[in-house]
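Below is a structure to look at, followed by some questions about the terms used to describe it. Each answer sets a value against its criterion.

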Amino acid sequence: MTAQKDAASVLVVSSGQKARQLFAEILPQGRFQPPLSAPSAGEARRLLVDRSFDIIAVNTPLPDEFGVQFALEAAQNRSCGVLLFVKAEMQDAVSLKVEDAGILTLPKPVNRQMVFQSVKLLLAAQQKIRALEEQTYTLQMKMEEIRLVNRAKLLLMEHLKMGEAEAHRYIEKRAMDACVKRSEIAASIIKTYEN
């Protein structure tokens, strides 16, 4: 995360400027983009229509709503880490409402080091989630390829009276000769024999 394009993006949703200034001061440049801010949940929702953020920090209360509902929406509908700041006496009650959504709750007034550590923790969790999502996608693609190849092998066995091993070798060889994936050869076989 050294290049600016790879730097983590942060949205600070707060009616006051102190929270934005805090994030601007504690987040190292190069690793984080300069934080954007929204003064209300409504304005933050408008920003989220056009872009995504790695971290969303919500400083409650907001002028148009308390902020818990917005935080829950952001955590459930986006792949971002959400940090929610609430008054210390409300932290336990609010935390119970939001922790199942993966929202981290911090008591106000905040300790700068705790905020920085929380942001780093959320960012690390988001990176792990993205890596798992990529693995899941890769596995799904492999399963789809296997499904297509098996369907094509059955068609070759049925129409050309090949054995399973022979059908498998046929698909493999055609894929290697054409420098394409087995799924492309399988799809063309399926198209040929299922029409």
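The questions and answers that follow concern a predicted model.

Q: Why is Gln126 called buried?
A: Buried means under 20% relative accessible area. Gln126 has 7% relative accessibility, so the residue counts as buried. Gln126 lies in helix α5, residues 112-159.

Q: What does Gln126 touch, apart from residues up to four places away in sequence?
A: The residues are Asp54, Ser79, Cys80 and Gly81. Contact here means heavy atoms within 4.5 Å.

Q: What makes Val49 buried or exposed?
A: Exposed means over 50% relative accessible area. The value for Val49 is 66%, therefore Val49 is exposed. This residue is found in helix α2.

Q: How do you know that the buried residues of α2 line one face of the helix?
A: In α2, residues 41-50, the buried residues are Ala41, Gly42, Ala44 and Leu48. Seen down the axis, they fall within an arc of 160°, so they line one face. Arg46, Val49 and Asp50 are exposed on the other side of α2. As background, an α-helix has 3.6 residues a turn, so residues three or four places apart point the same way.

Q: What covers the buried residues of α2?
A: The cover includes β1, β2, β3 and α3.

Q: What makes β2 and β5 the edges of the sheet?
A: The open sheet has five strands in the order β2-β1-β3-β4-β5, with parallel pairing. β2 (36-38) and β5 (104-108) each have a single partner strand, so one side of each is left without a neighbour in the sheet. Neighbouring strands are turned by 20° against each other on average, direction ignored.

Q: How do you know that β3 and β4 pair?
A: Two strands pair if there are at least two bridges between them. Strand β3 (residues 55-59) and strand β4 (residues 81-87) are joined by five bridges and run parallel, which meets the criterion. Asn59 has Phe85 as its bridge partner in β4, and Ile56 stands opposite Val82.

Q: Why is β4 called mostly covered?
A: Six of the seven residues of β4 are buried, where buried means under 20% relative accessible area.

Q: Which helices lie against β4, and at what angles do they run?
A: Helix α3 (residues 68-77) packs on the sheet and touches β1 (10-13), β3 and β4, its direction making about 165° with that of β4. Helix α4 (residues 91-98) lies across β4 and β5, and its angle of about 165° is to β5.

Q: How do α6 and α7 pack, and which residues meet?
A: Helix α6 (residues 164-178) and helix α7 (residues 182-194) pack at about 115°, with their axes 8 Å apart. The crossing of α6 past α7 is right-handed. From α6, His168, Tyr170, Ile171, Glu172, Arg174 and Ala175 take part, meeting Arg182, Ile185, Ser188 and Ile189 of α7. By class, the residues of this contact are five nonpolar, two polar and three charged.

How values were computed:
Residues are numbered from 1 along each chain as its sequence is written. This is a predicted model: local features need pLDDT of at least 70, side-chain atom pairs count only at pLDDT 80 or more; totals for chains, interfaces and linings use all residues. Side-chain values use heavy atoms; hydrogens and water are left out. Axes are lines fitted to C-alpha atoms, for helices over the stretch in contact, and angles run from 0 to 180 degrees between N-to-C directions. Helices (H or I, at least four residues) and strands (E, at least two) are DSSP runs, numbered from the N terminus. A crossing is left-handed if the near helix is turned anticlockwise from the far one by less than a right angle, and right-handed if clockwise. Ala, Val, Leu, Ile, Met, Phe, Trp, Tyr, Cys and Pro count as nonpolar, Asp, Glu, Lys and Arg as charged, and the others, Gly among them, as polar. Buried means under 20% relative accessible area, exposed over 50%, partly exposed in between (1.4 Å probe, protein chains only). The arc is that of the directions from the helix axis to the C-beta atoms.
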